[in-house]
Amino acid sequence: MSTVAVVGTGVIGASWAAHFLASGLDVVATDPAPGAEERLRQDVTTILPPADAALDRLRFVADAGEAAAGADFVQENGPEREDVKHALFAVLDEAARPDVILASSSSGLLPSVIARGCPRHPERVVIGHPFNPPHLIPLVEVVPGRDTAPEVVDRAVAFYTSVGKRPIRLSREVPGHIANRLQAALWQEAYSLVERGVATVADIDTAIAYGPGLRWAVLGPFLNQHLSGGAGGLAHVLAHLGPPTEEWWRDLGRVHLTPELAETLVAGVEAELAGTDDHALVAARDAVLQNLLAAKAAQPDLP
């Protein structure tokens with residue numbers, strides 16, 4: 001594959017475009033929003049090294065069909081609305097060569113639902129969900145729908161691997177895929193703890209960022225739990241800490257995102273930031289991510 005169509009160039013789409021360009025691919029991008037091309041070029045310039053000539057391989061077109069027509073792979077990043085996806089994928093399905101994979105960055109929609117917009121070739125529709133920012137975070141969740149051909153999943157996994165991503169393949173589709181469902185479970189309890197007055201927003205961020213989040217950035221929840229069991233490993237943890245954990249599960253909060261709770265959460269974040277500039281925070285986060293990824297790559301014993 002030499003050319004990728006990036007359809008939708010917001011935060012995720014621009015990051016994808018930069019990543020594909022940095023991987024040596026040509027990118028043809030499209031977005032109907034006013035000023036989209038200028039913003040995309042600014043975003044890509046910010047992400048890529050100053051001396052990088054990759055912008056010479058970035059082309060912007062006004063029509064999604066034109067972008068897909070000349071592409072070897074399509075990465076769609078439109079709004080999370082079924083009607084929008086259906087209309088957009090109808091255009092992509094009509095324009096792209098039959099062998100071209102149509103991958104959606106959707107963070108939660110089912111690929112079978114998205115594929116309803118592809119009457120010609122629903123078998124080539126797959127979720128290729130990245131994590132923000134895609135040019136840094138390696139994970140891509142590859143999710144097939146009911147009609148997705150197995151070889152399409154294989155090719156999508158191979159493509160993402162070839163551009164330096166760490167794809168995982170879901171055996172079946174579920175709303176929110178894997179990582180967002182895990183995040184949602186944590187958010188549910190975090191919101192509940194704030195609502196019940198157990199802790200502040202800042203306390204909860206600190207608890208994760210300076211506690212288990214540090215270990216989760218190195219190993220996943222199962223391997224961390226295994227290591228915490230000493231010589232007995234995960235079997236020891238499940239035998240001795242399983243029953244108390246089940247008690248905690250029964251005490252977890254069931255929360256509704258009321259306007260009052262939303263206001264409390266937003267106020268908590270504003271208090272935690274205390275005037276910190278969001279752009280500076282993003283730059284600091286990304287610098288740490290780059291150092292962390294480099295450190296992980298230098299450790300051959302990490303899975």
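Helices, taken as DSSP runs of H or I with at least four residues, are numbered here from the N terminus. In this predicted model, helix 6 comprises residues 150-162, and R155 lies within this helix. With a relative accessible area of 27%, R155 is partly exposed, since that class falls between the buried limit of 20% and the exposed limit of 50%. Apart from neighbours within four places in sequence, the contacts of R155 are M1, D99 and I101.

Strand 1 spans residues 3-7 and includes T3. The relative accessible area of T3 is 14%, and T3 is therefore buried. Beyond its neighbours within four places in sequence, T3 touches D26, V28, G70, A71, D72 and F73. One of these partners, D26, lies 23 residues from T3 in sequence, with a C-alpha to C-alpha distance of 4.6 Å.

Between N132 and P133 the peptide bond is cis, its omega being near 0°. P133 belongs to the loop that joins strand 6 (125-130) to strand 7 (139-144). Although H177 is not a glycine, its phi is positive, at about 60°. H177 is placed in the loop between strand 8 (166-169) and helix 7, and its relative accessibility of 1% means that H177 counts as buried. A positive phi, near 50°, is also found at A274, a residue other than glycine. A274 occupies the loop between helix 12 and helix 13 (278-297). Because its relative accessibility is 62%, A274 counts as exposed.

Helix 12 takes part in two helix-helix contacts described here, with helix 7 and with helix 8. Helix 7 (residues 179-195) packs against helix 12 (residues 259-273) at an angle of about 95°, and the two axes are 10 Å apart. This angle makes helix 7 roughly perpendicular to helix 12, because values from 65 to 115 degrees fall in that class. The contact is formed by Y191, V194 and E195 of helix 7 and by L261, T264 and L265 of helix 12. By class, the residues of this contact are 4 nonpolar, 1 polar and 1 charged.

For helix 8 and helix 12, the axes come within 8 Å of each other and cross at roughly 70°. This pair is therefore also roughly perpendicular. On the helix 8 side the contact involves V201, A202 and D205, which meet L265, G268, V269 and E272 of helix 12. The residues of the contact between helix 8 and helix 12 divide into 4 nonpolar, 1 polar and 2 charged. An α-helix has 3.6 residues a turn, so residues three or four places apart point the same way.

The loop between helix 7 and helix 8 (201-209) contains R196. R196 has a relative accessibility of 42% and so counts as partly exposed. When neighbours within four places in sequence are set aside, R196 is in contact with E189, D251 and G253. The C-alpha atom of R196 is separated by 22 Å from that of L273, a residue 77 places away along the chain.

One of the residues touched by R196, D251, is the last residue of helix 11 (residues 233-251). Helix 11 has 19 residues, and the distance from its first C-alpha to its last is 26 Å, close to the 27 Å expected at 1.5 Å a residue. A bend of about 55° occurs in helix 11 at L241, and a proline, P243, follows within four residues. The buried residues of helix 11 are G233, V237 and G242. Among the elements that cover these buried residues is helix 10 (221-227).

How values were computed
Residues numbered from 1 in each chain as written. Predicted model: local features only at pLDDT ≥ 70, side-chain atom pairs only at ≥ 80, totals over all residues. Heavy atoms only, no water. Axes fitted to C-alpha atoms, helices over the stretch in contact; angles between N-to-C directions. Parallel < 35°, antiparallel > 145°, perpendicular 65-115°, else oblique. Contact = heavy atoms within 4.5 Å. Nonpolar A, V, L, I, M, F, W, Y, C, P; charged D, E, K, R; others polar. Expected span 1.5 Å × (residues − 1). Bend = angle between axes of the 7 residues up to and from the residue. Buried < 20%, exposed > 50% of the residue type's maximum accessible area, 1.4 Å probe, protein only.
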